[in-house]
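Please look at the structure below and follow it step by step.

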Amino acid sequence: MDSAPEPLLRVEDLSVHFPVQGGVFNRRRKMLRAVNNVSLTLNKGECLSIVGESGCGKSTLALSIVGLQAPTSGSIHFEGRPITGKAQPSRIERARMAQIVFQDPYASLNPRQTVFTSLAAPLRLHGIGNGEVESRVEEMMRLVGLKPDQAKRFPHEFSGGQRQRIGIARALILNPKVVVLDEPVSALDVSIRAQIINLLLELKERLRLSYIMISHDLSVVEHMSDRVAVMYFGQIVETGRWESIFANPMHPYTRRLLGAIPDPFAELSGKKLIDEAQAPRPPSGYDYHPQQFDRQDVYSAPQPSQLVAIAGDHCVRLAPVA
Amino acid sequence: MNGALLEVEDLRIDIGSGESRHNAVENISFSIDRGETFGLVGESGCGKSITALATIGLLRRPLAISGGSIRFKGQDLRSLSAREMRKLRGNRIAMIFQEPMTALNPLSPVGRQIAEMFVLHQGASWHEAERKAVEALASVQVPAPDQRVKNYPHQMSGGMRQRVMIAIALACNPDLLIADEPTTALDVTVQAEILKLMQELCDARGTAVLMISHDLGVIAKMCRRVGVMYAGHMAEERAVADLFRTPAHPYTRGLLGSLPRLGSRGAHGRKRLQEIEGVVPSIAAFPAGCRFEPRCERATAICASTQPGQTDLGNNGFVRCFHHG
């Protein structure tokens, strides 16, 4: 990026806990800690990717950002203004800040509404007149690579790729500044993914959008992101610019994730993406946190640890050695 | 290795009957040697799963085989009775499905579901079979197998359930294992573990594998040879290394070009991904000629009217395209 990064969205110390009931007569209450003290900054014009395995809290975090999940503690600021807690703006105001594109374009469109009705609904809610609604829907359809007259159709008349284009159109119709992409291409066929990835990158440039992308497909993440945050059991374990995350992954979980990708070209050349013999050691006085996988408990508070800067804004979660 | 284990020749599968009958899969030929790993790769709806189901006689109406032959150890599977097929299935040919939660019986402990294989196919007593089930569970590296056999499927994680599926499939030491997207529902780190396990077990036992996946990375990791399917046709069939080095069919080339490659952005900067224009044709509207023709940049008049035959590419590979290379 040429100019200095301008923070657009700031997530501070965000936690989301869900009460889980159990025991006789549901009397025992436990807290499932989906997101634990996550802090993130999204700069203007940036694509920040959050990667991690299913259940690590990445989607809960995304829902909090678009206002669909109230945080247990912590705050989110948009352009310096708090959008959580007492001072939070109305849903109508919030809709113009951040929108979301869902993973499954089959499930996220109302099958009984024409595409026009789906796209027009947010505009009407925001008090936009009929004439403008039509021209705006038409413009949006073109922008995502569909024909304006296709808006008369129902979702089932479209292919998966086209439906995802409609999902993108719906997210963008109110001109939001931040778009959360929740696994935007993983439900699509391989030959369609490239179309949608190219479209998303074009729209980002053209409309000066900022993306938060949730994904587990690291080759897509590498292609699209400016910065990457790796989540594990509700915590960010490593974050940094894409170049340094992919070139110098530090945290054992990041390395495990990268090492697990079956990349066809790496498979054939026999080159390993990750060489475990050369795993970087943690800085002295610290150890990686968590040190052991598969031993995590979503119900108890994580051990004290902190994100420590390794180089520039490349940070790794470490715990001081006792 | 002494000859082919599974030979599929000119397989044709239709869907529906009468006027609403459409061709789903056509001209599919491939063979798998003993101990070999063969992959079928393609997008959803290309016919890879029904090809596999046809191979083990699990096609149900409205799908039906309407032509071709399937030979397993020289025996024509299409001529077998349902009873003979049942003896073979699970015993000599086994299958792993994508979603272990729906493939396992939720009302039965996993140990019993594994033990069933020994009772049904090897005539073991239940007592003996349950002892063998613990061994089978240990062989797929499930920790504390003597405790885990008592678990119901919902008490296990996705990766553990898929290990149970593998234990069931490999219980009778089958000659052929069909794996239909075995890791698609799993996290990438768990996927890596399951693939490694499958590879080790099949290598050790000399089990041949027919692997079905939409993920070229998984195919490259697991298979020696691969068939690329598009809209019910076999576009190209090659040794895996040949396919990735010199893809011949325009569809394969497009597919490989459309993948974001790890490390490529670091080395060459971000390039626009190559797109394959258009969408996969629907089964009711397959083109008369080459089925990729409407999306193909090399298409000419002949492609629209005539189905391309097999062109031999050497090293046991072929392509079906008039303008390959």
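Two strands count as paired if DSSP finds at least two bridges between them. The model shown here is predicted. By that rule, chain A has an open sheet of 4 strands in the order β2-β1-β4-β5, and the pairing is antiparallel. The edges are taken by β2 (28-43) and β5 (81-82) of chain A; each has a single partner strand, so one side of each is left without a neighbour in the sheet.

Strand β1 (residues 7-22) of chain A runs antiparallel to β2(A), and 12 bridges join the two. Along this pair, A:Pro19 is found opposite A:Met31 in β2(A). A helix also belongs to this part of chain A: α1 (residues 58-65) lies across β1, β2 and β4 (73-78), and runs at about 120° to β1(A).

Now turn to chain B. A UniProt record, an unreviewed entry, gives residues 6-256 of chain B the feature "domain: ABC transporter". This span is 40% helix and 27% strand, and its end C-alpha atoms are 28 Å apart.

Next come the cores. The largest nonpolar core has 63 residues, and the members that touch the most others are B:Ile114, B:Ile166, B:Met198 and B:Met211. Helix α7 (residues 158-170) of chain B contributes the most to this core, namely 8 residues. What is B:Ile166 in contact with, leaving aside neighbours within four places in sequence? Its partners are B:Ile96, B:Val140, B:Ile194, B:Leu197, B:Met198 and B:Leu201. There is also a second, separate core of 60 residues, which includes A:Leu181, A:Met224, A:Ile245 and B:Leu262.

Terms used. Residues are numbered from 1 along each chain as its sequence is written. Chains are lettered from A and ligands numbered from 1 in the order in which they are written. This is a predicted model: local features need pLDDT of at least 70, side-chain atom pairs count only at pLDDT 80 or more; totals for chains, interfaces and linings use all residues. Side-chain values use heavy atoms; hydrogens and water are left out. A nonpolar core is a set of buried Ala, Val, Leu, Ile, Met, Phe, Trp, Tyr and Cys residues joined through side-chain atoms within 4.5 Å. Buried means under 20% relative accessible area, exposed over 50%, partly exposed in between (1.4 Å probe, protein chains only). Contact means heavy atoms within 4.5 Å. Axes are lines fitted to C-alpha atoms, for helices over the stretch in contact, and angles run from 0 to 180 degrees between N-to-C directions. UniProt positions are given in the numbering used here, feature names are shortened, and annotations may be inferred rather than shown by experiment.
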